[in-house]
Amino acid sequence: MEFSIFILAIPILSFLILGLCGMKMPHKAAGLLGTTAIATVAILSYIAAAIYFGAGRNDEGLFPTLIPYALQWLPLGNTLSIEMGIMLDPISIMMLIVITTVSLMVHIYSLGYMKGERGFQRYYAFLSLFTFSMLGLVVATNIFQMYVFWELVGVSSYLLIGFYYTKPAAIAASKKAFIVTRFADLFFLIGILIYGYYTETFSFTPTELLLSSAATVLPTALGLMFIGGAGKSAMFPLHIWLPDAMEGPTPVSALIHAATMVVAGVYLVARMFPLFIAYAPEVLHMIAYVGAFTALYAAIVACVQTDIKRVLAFSTISQIAFMMVALGVSLSDDPHKGGLGYMASMFHLFTHAMFKGLLFLGAGAIIHAVHSNEKSHMGGLRKYMPVTHITFLIACLAIAGIPPFAGFFSKDEILAACYNYSPAMGIFMSFVAALTAFYMFRLYYLIFWGKSHYEEELALYTAGKTTHEPHKPHEAPATMTTPLIILAIITCVAGFIPFGKFISSNGHAYDIHIDAAVATTSILLAVAGIVIATIMYAKGDSKITQAINSSMKNIINAAYHRFYMDELWLFVTKKIIFNCISRPIAWFDRHIIDGAMDMLAIVTQKLGNYVRPMQSGNVQSYSVWFLGGALIIILTLIYFA
Amino acid sequence: MNYSQFFSMIPEVSLLAIFVAILIFDLVATGRYRRMFHAMVCLLIIPHVYVCMEFGGKEQTLFGGMYYTNSMIALMKAMLTFGSALVILQAHRWLRSTHTYYKQGEFYILLLSTLVGMYFMLSARHFLLFYIGMELASLPLACLVAFDKYRHHSAEAGIKYVLTSMFASAAMLYGISFLYGTTGTLYFDDMIAGITGSPMQIFAMVMFFSGLGFKISLVPFHLWTADSYQGAPTVVTAYLSVISKGAAVFTLFTILTKVFAPMTAQWQLMLYILIVASITIANLFAIKQTNLKRFMAFSSISQAGYIMLAVIGGTAQGMSSMVYYILVYIVANLAVFGIIETIEHAKEGEIVRDDCNGLYKTNPRLSLLMTLALFSLAGIPPFAGFFSKFFVFMSAFDAGFIVLVFIALINTVISLYYYLLIVKAMYITPNDNPIPHVKCDLFARISLGACLLGIILLGICSFVYIGIDKLTF
């Protein structure tokens, strides 16, 4: 597995080349360079996966954890040191496949989507940087390395959200994303430091001896780490940055804000899962409740958004919350005794990355065609964009949980795990699943069915009422449709992967079996959601829809404004934190700290004048200082040492 | 006497061979062969870095205990050679100028003879051998400082250097004679038994120390520094500030821990005073300087104070952090001096801070490298200087000098201020007539490129430090 170093080396090299000499390259060369690099990495990852899983299980029935590279990076004191390396185990291999696949699709797709954009090379450089950071994050051998790459991921996400740096909204969104996730990362760092201080290691798997001495602080440390994960994975109430992050280019949203970076939090919890189960099960269940609430909240908000990317963003929040819930409801590390959630969560992470990536890329194709994010500019697009339509439909069916598409299988496992935990949790999550089907099909109908915005505009134009000739929507170029088709195929077949054979909470093989009762319920609920969406939206705004809308006006309005969460945050930060904490600190800083610094400067200047004569340029006086200094030292030593 | 022992000193002998080769070449080469002189010297000296590392590392004691070497000493020799190679690379343009062209050979020979002297300083285990090495490393330097003898400043700097050097040397010999008188031996290994910490020995130690303090330019033995640095040709200043200092610091560490181990409390107090004085007073002066070379002189005094932080603990960790600090200091400081040398050539005169105004517009790459080098000197992450300061502070902290580390930290803030003044001048201060674009020659490019790589990579690639840490001392 020594070649695994190339999985990290190639993207960083590609970033350096594109970043340093990208501006001198033609667009096409830069794009192809980035794409080739990531294609190579993807192939290497597939080979690594094939070798790893092909090698089979060891005597204990586990896939062995391989560490092909590990080197000490920074020794801190005698026992603690920060290491950098590569660790391969089932979940990191799975993440490698997810990241490289989606990243490759996004690279290819962007060749068409970003064509002719200013800063095309910069875009590809950032994509490479992001891919590097994300890969480094998942193969981290210890929590500190993970943190380093975690921050790098945050930076590259910031750079990509703010890619259109002339657009004020994009700048604001990038700053918001950075500040919110950074704020959460502060807790993550504190958690890591507590963990490192008490266990005397940053390793994911300390020895029992070290752990037992730190057992009392582990729940706190793990809880703080989860806050960091919640920031990246947009858990309520730290989710506010994700919808705004949609200001970035759409393929970026597909890569970072749907498939890879936002699941870093889930990955973190999964990484620490053995510790959570053994030392902090109550924190784990807390995660489940946070996740369940987030899932519901985001699903409701998604039902009323009009910007299609925002709908997808809230849908992402909701689906990631599903994964968190699945981890949180685990009762033990044995999949047969309540530990099913771990496998379900990873499975859903895998399938979700594929179909959500597909949804975003489809949305990108639509936006590319109609030049707008708003649903009012869409409608009836199925005639004009057949490929996008079919692939989008497949993704919608998958996320709604209709067999045989991938989402059904993974979501079914999550629901089974929830019912196993408590029936209330199961019913709750089933309801959210039904909502998912509803809002996704609402989106689907609004985009592809109903009255065509283009035809209306055209009618107005031919009637001479507007002078502006509407732009006819057209299917995206092949560079964009190919990734859609590939992802659609994966979405169709991924559900049949015997996922439990590769990944389970205790590492032993586990046979996935569909629980008939859970499966039937969830299918029925999903179909119900779809039917309601069909009745309400298939033919444009029907009377029923209007009636419902007017009867629930207040709720819809509140949900449209995301239940005023952003406003609440602004109130908390601007009114409370700024006034009560920041202003006094600012005053202290300006008058006390700066004052002390000014004093230091004045004293320094004054002293400078005093010592000046010492440097007279006169060699005789130099000798006097020399000898005088030596004598003073001698006397000091004789009398004081 | 067994003469084969001479050939066991591989770094010294091979350097002497290079030395002789250059001497002969200087005598016989004429015309177009002479133009290859510089390239030839570089090609000889760069492989020698490898020779030091590869063949000098075997632990051995020669000449009845006068000469000793091990892997750490070999690494130190290799580092000094590497630094000298960087300096020689940077010297090309200056050596081609009309005033120095005809005595090009002398420059190499003088420089390499000081290097041989430093080798003996590092390996000496006997005070006489040490003293000879020290003199060999000092006297030719006086010639080098006065190399531009037609320039008044250079001649003045030379005479100041040689006078102070003699003074320091005399003080040191005086100290050594007292040590001999009280212990009856000059071997390091034997002397330790006779060290008791009596007032006489304290006197001897401080006198001895002042000689090395002169080379390291610690306050109050530093007063020659500013004048000599300013007046000397820039490449020589560069050499003085890193190579000569590095050798002296390493030797000092060895002698303090090997010979004066029974007097640890005394020399720790002495170093404590000198560190605080050096860092603080040098910072006070540095803020006021506008002449860039003079400024770098004070910067180097305060850097010497930081290096001493690694010595004060006297631990193995201190040793590795010191060697690492010197390595990082070599690349960062030589980058700064290389740039000063380059722009000096464009301006044809001494560089003051205002000359840097608007440099970024005409020389973006040089400005960027200068910025990185200054950041590294100031200790800003993620550049190498941050890590070297970190390790040095950590070693002093672990040895229990918490207040001292705190004082040093405050001084880092002050030093950040004056380093940033130059950065500000280059990027922010507007200037209608900045120094025009300068093209570096190939040799300077190689040297500056190596410095750049060092500044960026030495810190991030932690195996450098860990590798040093694993060497035996």
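Trainee: What span should the 20 residues of helix α4 of chain B have, and how far apart are its end C-alpha atoms?

Mentor: Keep in mind that this is a predicted model. Helix α4 of chain B covers residues 71-90, and at 1.5 Å a residue its 20 residues should span 28 Å. The expected span agrees with the distance between the end C-alpha atoms, which is 29 Å.

Trainee: How many of the 20 residues of α4(B) are buried?

Mentor: A residue counts as buried if 20 or more other C-beta atoms lie within 10 Å of its own. By that test α4(B) is mostly covered, and the number of its buried residues is 18.

Trainee: How are helices α3 and α15 of chain A oriented, given that their axes cross at roughly 5°?

Mentor: The axes of α3(A), residues 90-113, and α15(A), residues 340-370, come within 10 Å and cross at roughly 5°. Angles under 35 degrees count as roughly parallel, so α3(A) relative to α15(A) is roughly parallel. The contact includes A:Ile91 and A:Met94 of α3(A) together with A:Met346 and A:Phe350 of α15(A), and its residues divide by class into three polar, no charged and eleven nonpolar. The orientation asked for is thus roughly parallel.

Trainee: Which element gives the largest share of the side of chain A that touches chain B?

Mentor: In this interface, 26 residues of chain A are in contact with 31 residues of chain B. The chain A side has 18 nonpolar, eight polar and no charged residues. Elements giving two or more residues to that side are β1, α25 and α26 of chain A, and the largest share, 13 residues, comes from α26(A).

Conventions: Residues are numbered from 1 along each chain as its sequence is written. Chains are lettered from A and ligands numbered from 1 in the order in which they are written. This is a predicted model: local features need pLDDT of at least 70, side-chain atom pairs count only at pLDDT 80 or more; totals for chains, interfaces and linings use all residues. Two residues are in contact if their C-beta atoms, placed from the backbone, lie within 7 Å. Helices (H or I, at least four residues) and strands (E, at least two) are DSSP runs, numbered from the N terminus. Ala, Val, Leu, Ile, Met, Phe, Trp, Tyr, Cys and Pro count as nonpolar, Asp, Glu, Lys and Arg as charged, and the others, Gly among them, as polar. Axes are lines fitted to C-alpha atoms, for helices over the stretch in contact, and angles run from 0 to 180 degrees between N-to-C directions. Angles under 35 degrees count as roughly parallel, over 145 as roughly antiparallel, 65 to 115 as roughly perpendicular and the rest as oblique. The expected span of a helix is 1.5 Å times one less than its number of residues. A residue is buried if 20 or more other C-beta atoms lie within 10 Å of its own, exposed if 12 or fewer, and partly exposed in between; C-beta atoms are placed from the backbone.
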